[in-house]
Amino acid sequence: MSAGEGLDETAKDAADIAAFFKSDCSLPKSESKLDGPGQTSGFHRNEDMKAIDVLPILKEKVAFLSGGRDRRGGPVLTFPARSNHDRIRSEDLRRLIAYLATIPSEEVARHGFTVIVDMRGSKWDSIKPLLKILQESFPSCIHVALIIKPDNFWQKQRTNFGSSKFEFETVMVSLEGLSKVVDPSQLTADFEGSLEYNHDDWIEVRLSYETFASDAARALARLEELQETLSQRDLPRDLEGARRLMEEHAALKKRATKASVEELDTQGRRLLQRLQSQNVGGGGSLEGGYGNRAGGASGDSNDHHHGFHMHADAHNLVAKVTGLLDKLHGTRQNLQQLWHMRKLKLDQCFQLRLFEQDAEKMFDWIMHNKGLFLTSYTEIGGNHQHAVELQTQHNHFAMNCMNVYVNINRIMSVGNRLLESGHYASQQIQQISGQLEQEWKAFAAALDERSTLLEMSASFHQKADQYMSNVDPWCKACGEGELPSELQDLEDTIHHHQGLYEHITTAYAEVSQDGKSLLDKLQRPLTPGSADSLMASANYSKAVHHVLDIIHEVLHHQRQLENIWQHRKVRLHQRLQLCVFQQDVQQVLDWIENHGEAFLSKHTGVGKSLHRARALQKRHEDFEEVAQNTYTNADKLLEAAEQLAQTGECDPEEIYQAAHQLEDRIQDFVRRVEQRKVLLDMSVAFHTHVKELWTWLEELQKELLDDVYAESVEAVQDLIKRFGQQQQTTLQATVNVIKEGEDLIQQLRDSAISSNKTPHNSSMAHIESVLQQLDEAQGQMEELFQERKIKLELFLQLRIFERDAIDVSNSKNFMK
C-alpha cells in the first residue's frame with residue numbers, strides 16, 4: 001500500500017468510525033429489526049438450540065462469541081479468518097449463527113450485535129453469502145458488520161460491496177481501525193487484543209451448561225408437574241379413595257426425590273466453580289473460553305478487577321446457573337411445603353372420611369336399633385309377669401345400646417380432637433358430631449322413657465295383682481267372725497279392724513297413685529325438652545284402656561271392701577258401746593256397792609252432840625257431791641240404753657234389764673242417801689234445839705230464882721203476863737224438842753227397818769237420855785214456874801193492897 005493510499009485509508013476509517021458511534025441501531029435499515037425488547041421482525045431467538053446440535057461446525061470455529069463487548073455494550077460476534085468459507089453449508093451456518101445469537105442475554109442483545117468478519121486470507125466472494133445469511137437468518141439486531149479487509153482489494157471491493165443492500169451497515173476496517181470501534185480488551189489475540197478466549201474450553205463449558213440446564217429443566221418440569229399435582233384441590237369422597245390418594249402421595253415423595261436435585265446441585269456448583277475459577281488473581285493463568293485478562297482499557301468498568309475479569313457472557317452464564325440452582329432449590333422447597341401441606345390435607349381427609357365412616361356406622365346402628373325399638377315400644381304388659389319380662393328384655397336391649405355409646409363417645413372425642421387440630425372441614429365435622437349427638441340423645445331419651453314407662457308398668461301391675469289377690473282374704477277378714485263379748489277383746493278387734501282398713505287403703509292408694517302416674521305418662525310420654533323423641537308419636541290408647549280397666553276393677557273391689565268393712569265397723573262399735581255401757585253400769589253399781597254402801601254402812605249414827613251431828617252432816621254433804629257424778633253418769637247411761645236398745649245390734653231386754661237394774665239401784669241408793677240426809681238434818685236440828693233449849697232454861701231458871709219487884713200494880717201485872725208467856729213458850733219449846741227427839745228416834749227405827757239393818761242403838765239411847773233429861777228439866781221448870789206464879793200473885797196482892805191503902809189514905813185526906 002502507498003503512503004497516499006494509507007492516508008486515504010486512514011481518513012476513510014475515521015469517517016467510518018464516526019458513523020459507527022451514532023445512536024444504537026440508528027441506521028434506517030436496521031431500525032426495522034427491533035420491534036420491542038428482545039423481539040425481532042421476522043426472526044426469533046431459538047432458545048431450544050443447543051451446542052450439541054451444531055457441535056461439528058461449532059468445533060470448526062467458523063464463528064464464535066468471545067464474550068467481548070463493543071463500546072456501546074453490544075456483543076461481538078466474530079468470524080475468524082479462514083480460507084474455506086465456501087465449503088461450509090449455508091444451512092449449517094444458519095443454525096450456527098442462530099445458536100450463537102441466543103447466548104448473550106436479551107438485555108445485551110438489544111444493543112445490537114457487532115459482527116467482525118476477518119477476510120484476511122479469504123476470498124472476497126465468500127463474504128457476500130455470509131452477509132446474506134446474516135441478513136436473512138440472524139434472529140437479533142446487527143448493529144454493524146465490521147469487515148477486516150483483505151490485502152490489495154480495498155478500493156475495488158469497497159465500491160462493489162457498497163452497492164449491495166443490507167439492513168445493517170457494513171464497514172471495511174483495518175486492524176488499527178477495529179481497535180477504535182472495539183476496545184482491544186474486548187478483542188482476542190487474533191485482532192491484537194488482550195481478551196483471552198479458548199474455543200475448546202468455551203464449547204466444553206457450553207456443553208456442560210446446556211447439559212446442566214437441560215437436566216435442570218427436566219427436573220424443574222418434573223417438580224412443577226408434581227407441584228401441579230399437589231396443587232389439586234379435589235379430595236376423595238370415600239375412605240378407600242383417601243387411602244389410595246395417601247399411598248399415591250407417598251409415592252409422589254419418591255418421585256420428587258428422583259428429580260436428583262442434589263446431583264444437579266453438585267453439577268451446577270461444579271460448573272459455577274469452573275466458571276468462577278477462571279477469574280483468578282495474581283499470577284494465575286487463565287485457561288478457558290470464558291476467562292479474560294484485562295490487557296487494556298475496558299468498555300465495562302464493572303468487569304475490571306486487579307487485571308483480571310470475567311467477561312459478560314460468563315457473568316450471564318453464572319447468573320443462569322445460579323438462577324437455575326435457586327429455582328431448583330426453591331421449587332423443591334416449595335414442592336416439599338406443598339407435599340407436606342397436601343399430606344396434612346390428605347391426612348385430615350383420611351381422618352374425616354374415617355370419622356364419617358364411623359359416624360355413618362353409628363347412624364346406621366341407631367337407625368337399625370330404632371327399628372327394633374319401635375316394634376314393641378307401646379307394649380306395657382298385661383300383668384306383672386308380662387311387664388317384668390318386657391322390662392327385662394328392654395333393660396338388656398338398653399344395656400347393649402349403652403355399651404355402644406362407648407363407640408359413639410369415642411367418635412365424638414375424635415371429632416373434638418379434629419376440631420381442636422384446626423381441621424379444614426371443621427364445620428362439616430361439627431355438623432356430623434352435632435347430628436350424631438342429637439340422634440344418640442333422642443335414642444337414649446327414648447330408651448330412658450321406655451325404661452321409666454316399663455318400670456312404672458311393672459310397679460303398677462305388681463301392686464294391682466297383689467291387691468286383687470288380697471281382695472278375697474280382705475273380704476273375709478272384714479266380715480267374718482262373731483263379735484267379742486269382752487271389752488278388751490272387742491277393743492283389740494276394733495284396732496285390728498282399723499289396721500286392716502288402713503292396710504287396704506294404703507294398698508289401694510298405691511295402686512291408684514301408680515295407675516294415675518302411669519296414665520299421665522302414657523298420655524304425655526315426653527319429658528320437657530324432648531319434642532324430637534322417638535316416642536313423640538307413640539299411640540298408647542290400647543295401654544291406656546288396659547290400665548283404666550284395671551283401675552276401675554280395683555276401684556270396684558275397693559268400694560265393696562269399704563262397704564263390708566264399714567258394716568263390720570258399725571257392728572263392732574255398737575257392740576263396743578254395749579260393752580262400754582255394761583261396763584259403765586257395772587262401774588256405777590260397783591261404786592254404789594263399794595263406796596256408797598260402804599259409806600252408808602259405816603255412817604249410821606246421827607251424832608251425840610251438835611258438833612258431831614254437824615260434822616256428820618258436812619261429811620254427808622261431801623259424799624253427796626261425789627255421788628252426784630255417779631248420778632249424772634247413771635242418767636247418761638240410762639239415755640244411752642234407750643239408744644242402744646233402738647239400734648237392734650244388742651238385745652233390748654238385756655239393755656232394759658241392765659238399765660232397770662241400774663235405775664232401781666240408783667233410786668234405792670238415792671232414797672237411802674236422802675233418808676240419811678234427813679236423819680242428819682233432824683239430828684242437827686234436834687241437837688241445835690236442845691242446846692238452845694238448855695241455854696234458855698238456864699237463863700230462865702236464873703230469872704225465876706231472882707226476887708220479884710215491881711213498884712206498881714201495872715208493873716206486877718206486866719210481870720205476871722210476861723211470866724205467863726215465858727212459861728207457855730218454855731213449855732211449848734220443851735214439848736217441841738221432845739217431839740223432835742221422839743221423831744228422830746222413830747226415823748232411826750224406820751231407817752233401820754227399811755235398810756234391813758239393826759237400829760243405831762247408841763244414837764237412840766243418847767236421844768232417849770236427852771229426852772229424859774228434858775223431861776226432868778221440864779218438871780223442875782214447872783215447879784219453878786209454880787213458885788214464881790205464887791210469888792207474883794202475892795206480890796200483886798201486896799201492890800193492890802198498897803194501892804188501895806194509898807187510895808183510902810188519899811180519900812181520907814181528901815175528905816179531911
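These points walk through a predicted model of one chain.

1. Confidence first. The mean pLDDT of the chain is 77. Of its residues, 82% reach 70 or more. Among the elements, strand β4 (residues 75-79) has the highest mean, 91. Helix α2 (residues 28-31) has the lowest, 38.

2. Two stretches need care. Residues 280-288 stay under 50 in pLDDT. The model still gives them 18 contacts beyond four places in sequence. Residues 292-309 are also below 50. That stretch has 45 contacts beyond near neighbours in sequence. Where pLDDT is low, the predicted coordinates should not be read in detail.

3. Now the largest nonpolar core. This core has 51 residues. L436, F443, Y467, L522, Y540 and V547 have the most contacts inside it. Five helices each supply at least two of its residues: α12 (312-374), α13 (384-420), α14 (426-479), α15 (487-523) and α16 (541-602). The largest share, 16 residues, comes from α14.

4. Look next at strand β3 (residues 64-69). Of its 6 residues, 6 are buried, so the strand is largely enclosed by the rest of the structure. β3 pairs with β4 in the antiparallel sense, over 3 bridges. F64 has T78 of β4 as its bridge partner. The two strands form a hairpin, with 5 residues between them. In the turn, G73 has a positive phi of about 100°.

5. Helix α4 (residues 90-101) has 12 residues. From first C-alpha to last, α4 reaches 16 Å, close to the 16 Å expected at 1.5 Å a residue. Its buried residues are L93, L96, I97, A98, Y99, L100 and A101. An α-helix has 3.6 residues a turn, so residues three or four places apart point the same way. What covers the buried residues of α4? The cover includes α3 (55-59), β3, β4, β5 (113-118), α6 (127-137) and α9.

6. Finally, H199 in helix α9 (residues 199-230). Is H199 buried or exposed? Its relative accessibility is 6%, so H199 counts as buried; the cut-off is under 20%. Leaving aside neighbours within four places in sequence, H199 is in contact with L58, K59, K61, A63 and F64. F64 is the residue with bridge partner T78 in β4.

Definitions and conventions
Residues are numbered from 1 along each chain as its sequence is written. This is a predicted model: local features need pLDDT of at least 70, side-chain atom pairs count only at pLDDT 80 or more; totals for chains, interfaces and linings use all residues. Side-chain values use heavy atoms; hydrogens and water are left out. A nonpolar core is a set of buried Ala, Val, Leu, Ile, Met, Phe, Trp, Tyr and Cys residues joined through side-chain atoms within 4.5 Å. Buried means under 20% relative accessible area, exposed over 50%, partly exposed in between (1.4 Å probe, protein chains only). Helices (H or I, at least four residues) and strands (E, at least two) are DSSP runs, numbered from the N terminus. Contact means heavy atoms within 4.5 Å. pLDDT is the predictor's confidence in each residue, from 0 to 100. Two strands pair if DSSP finds at least two bridges between them. The expected span of a helix is 1.5 Å times one less than its number of residues.
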